[in-house]
Amino acid sequence: MIQIRWQLGRYIRHGWRWFILIQLICLLGVAMAGSLALSERLNDRAEEVVVATDSFLNRGIDALTTLGHELAPGACDATAEFRLTEAAIHSDVFDHFAYLSNEGGYCRSATNPLYPVQVGQLISTHPGPLWLSFDDSTLTPYQLFVLEQAPGRYLIGVAKSSHLLDRLVTPRDRNFIRRLQIQVDQRLFYTRDNLTQVPWLSLQTSLAQGKVRVQMMALLFSGDHWRRWLTYSLPLSLALGVLLPVLMIRRRSHQGVLVDDLTMALRRGEIGPVFQPIVHGGNGRVKGFEMMARWTHPTLGMITPDTFIPMMEQHGLLDRLLLSLADQARGKLPSTAYLSINLSGEQLTQGLRDPLSFLLEICHRLGIGPDRLMVEITERHALDYDCPQLQETLAILRHAGFKLAFDDFGTGHNGIACLRTFSPDVIKIDKSYVHTVSGEAIQKPVLDAIIQLARKMKVEVIAEGVETDAQRLFLLERGVTSMQGYLFGRPTHWHDSCPQPQPAIA
Ligand code: C2E
Ligand code: CA
Ligand code: CA
């Protein structure tokens with residue numbers, strides 16, 4: 001439960017900035033994509049309106065021409081009015097018809113609101129055989145078509161604007177398109193304006209094809225449009241906002257530990273040293289201690305180095321760690337014992353600082369001389385011992401009095417190849433070989449071979465991970481006296497000073 005709460009808290013602590021950033025990016029993306037879609041929708045509508053207007057015009061002209069052929073030209077009598085009314089009822093373009101003739105007078109279908117003076121005005125102000133006009137001064141605005149059938153004879157069609165609007169704009173788009181203006185042959189053919197002033201954020205488009213020209217304006221904040229966009233994008237952006245930071249945190253962490261947690265732990269002094277005795281396996285005398293790191297986490301308790309050392313190495317935090325451990329271990333070491341520290345290969349080869357002055361600084365903080373410090377070189381990544389620079393560094397360190405040891409000998413990269421160009425003072429045989437003593441493992445001869453090799457090279461051996469008396473005796477038989485392991489003492493914290501280990505030696 002504590003673990004879950006801690007993990008959750010960690011994701012929130014490290015992920016909230018990412019969450020907000022992802023939400024902002026998603027919002028920006030949605031705003032841009034939504035605006036583009038809106039503008040595309042407006043352009044599509046403009047095209048549709050142009051096409052629909054053109055077709056409306058053609059159908060209107062066709063309807064007038066056909067009616068002109070059907071109507072017997074002549075006087076405007078009751079029969080003519082009846083025909084016009086009948087034609088208006090059956091027309092799917094016009095609501096009213098009228099007929100104006102210089103000789104025959106003016107007649108119109110029933111309920112036609114048009115006066116001949118309006119037609120006269122239109123004809124006198126524009127050239128034509130066809131006149132188109134829009135009148136929104138009446139209660140029901142309309143489009144007017146006037147076709148000159150023969151000189152002095154005009155057939156007039158009146159279409160209510162609402163019909164045109166029905167054809168041009170769907171009810172859903174009526175809310176979206178706030179301003180619409182159609183011009184035919186540069187004359188106003190239709191206008192609709194739902195705005196008192198031009199809004200701050202609006203979309204405008206204008207399209208001209210043939211004699212039809214359309215201008216449109218829509219509001220960028222069209223409620224239903226954004227509601228639909230947010231319905232889909234909001235859950236997606238929330239999911240991304242949670243998932244991406246979790247994945248990022250998992251990628252940047254090693255066994256659940258994040259580098260930020262480590263820097264914080266170092267700052268708070270949560271990572272401290274433990275010491276394990278290195279003893280003479282024959283008489284139990286303590287020769288030295290190996291200093292290792294332990295992270296005492298406020299909620300998770302003790303965390304072992306395997307969880308955090310690789311991550312610290314990856315982020316170049318091992319120097320800081322060692323300096324901090326040295327500060328905490330200052331003055332605690334018994335004067336007769338040496339101290340062994342772990343130094344990763346990377347720490348030796350990184351060109352940013354001089355290894356000698358760094359190790360002297362460690363000695364200074366510990367309050368001991370270099371002759372009492374053993375440096376265990378651990379290789380998580382292969383070191384190039386043929387490199388003259390590394391050989392020079394190792395020679396300088398040895399010359400300064402430091403004891404150099406190859407840690408975990410026989411495992412990973414610390415193998416026989418390392419001995420080709422550099423001979424350390426000590427090799428520490430990895431516990432996995434020592435543990436072969438108790439079993440029937442096939443690697444027992446390898447342990448023998450390592451011991452013989454070290455003897456031939458006159459290199460001191462420390463056997464790690466000695467847990468049983470059988471292992472101790474086996475090693476003693478082969479002349480290995482320096483040992484380290486649970487049999488002699490586990491790595492422990494020294495709160496005030498070093499407790500004397502109680503070696504289990506018969
Ligand atoms: P290492 O240097 O080989 O350290 C010996 C490891 O074996 C330690 O594990 C120790 O607790 C464990 N050990 C000691 N005696 C016995 C035993 O009898 N039986 C068994 N089964 N294990 C035993 P620990 O403390 O978990 O350290 C793991 C590794 O982390 C170390 O291996 C070392 O490579 C690295 N490490 C620890 N502290 C530091 C540090 O301060 N700096 C660096 N660079 N590496 C460190
Ligand atoms: Ca070690
Ligand atoms: Ca080791």
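**Entry: the shell around ligand 1**

I looked up which element gives the largest share of the shell around ligand 1. That is strand 13, with 4 residues. The model is predicted, so I note its limits: local features need pLDDT of at least 70, side-chain atom pairs count only at pLDDT 80 or more, totals for chains, interfaces and linings use all residues, and side-chain values use heavy atoms, without hydrogens and water. Residues are numbered from 1 along each chain as its sequence is written, while chains are lettered from A and ligands numbered from 1 in the order in which they are written.

For elements, I used DSSP runs numbered from the N terminus: helices are H or I with at least four residues, and strands are E with at least two. Strand 13, helix 8, helix 9 and strand 17 each bring at least two residues to the shell.

I then listed the neighbours. A residue is near a molecule or strand if one of its heavy atoms lies within 4 Å of it. There are 23 residues around ligand 1, and Gln 276, Arg 294, Lys 431, Glu 467 and Tyr 486 come nearest.

I sorted the shell by class. Ala, Val, Leu, Ile, Met, Phe, Trp, Tyr, Cys and Pro count as nonpolar, Asp, Glu, Lys and Arg as charged, and the others, Gly among them, as polar. The shell has 9 nonpolar, 6 polar and 8 charged residues.

- In Gln 276, a side-chain N or O atom is 2.8 Å from a nitrogen atom of ligand 1.
- In Asp 408, a side-chain N or O atom is 3.0 Å from an oxygen atom of ligand 1.
- In Lys 431, a polar side-chain atom lies 2.9 Å from an oxygen atom of ligand 1.

How much of ligand 1 does the protein cover? On its own, ligand 1 has 790 Å² of accessible area, and the protein covers 90% of that. These areas come from the Shrake-Rupley method with a 1.4 Å probe; for residues, only the protein chains shown count as cover.

I checked the backbone of Asp 408 too. Asp 408 lies in strand 17. Its phi is near 50°, a positive value in a residue other than glycine.

**Entry: the pockets**

Rolling a probe the size of a water molecule over the atoms shows where empty space is left. The search uses a 1 Å grid over the protein atoms alone: a cavity is a set of points where a 1.4 Å probe fits but cannot get out, a pocket is an open set with protein on both sides within 12 Å along at least five of seven lines, and lining residues have an atom within 4 Å of a point. Grid points are joined across faces, edges and corners, and a volume is the space filled by probe spheres set on the points.

The largest pocket has a volume of about 980 Å³. Its lining has 38 residues, and Glu 290, Met 292, Pro 305, Asp 306 and Lys 431 are closest to its centre. Strand 13 gives the most to this lining, with 5 residues. By class, I read 12 nonpolar, 14 polar and 12 charged residues in the lining.

Where does ligand 1 sit? Ligand 1 sits in the largest pocket. The test is that more than half of a molecule's atoms lie within 2 Å of the grid points.

The second largest pocket has a volume of about 230 Å³. Of its 14 lining residues, Leu 348, Thr 349, Pro 355, Gln 389 and Thr 393 are closest to the centre. Helix 12 gives the most to this lining, with 5 residues.

**Entry: the cavities**

I found 2 cavities of 30 Å³ or more in the whole structure. The largest cavity has a volume of about 40 Å³. Phe 275, Lys 332 and Trp 494 are among the residues that line it. The lining has 7 nonpolar, no polar and 1 charged residues.

The second largest cavity has a volume of about 30 Å³. Helix 1 (2-70) and helix 6 (223-251) each supply at least two residues of its lining. That lining divides into 5 nonpolar, 3 polar and no charged residues.

How values were computed: A polar contact is a pair of N or O atoms within 3.5 Å; within protein, one must be able to donate a hydrogen and the other to accept it, and residues adjacent in sequence count only if both atoms are side-chain atoms.
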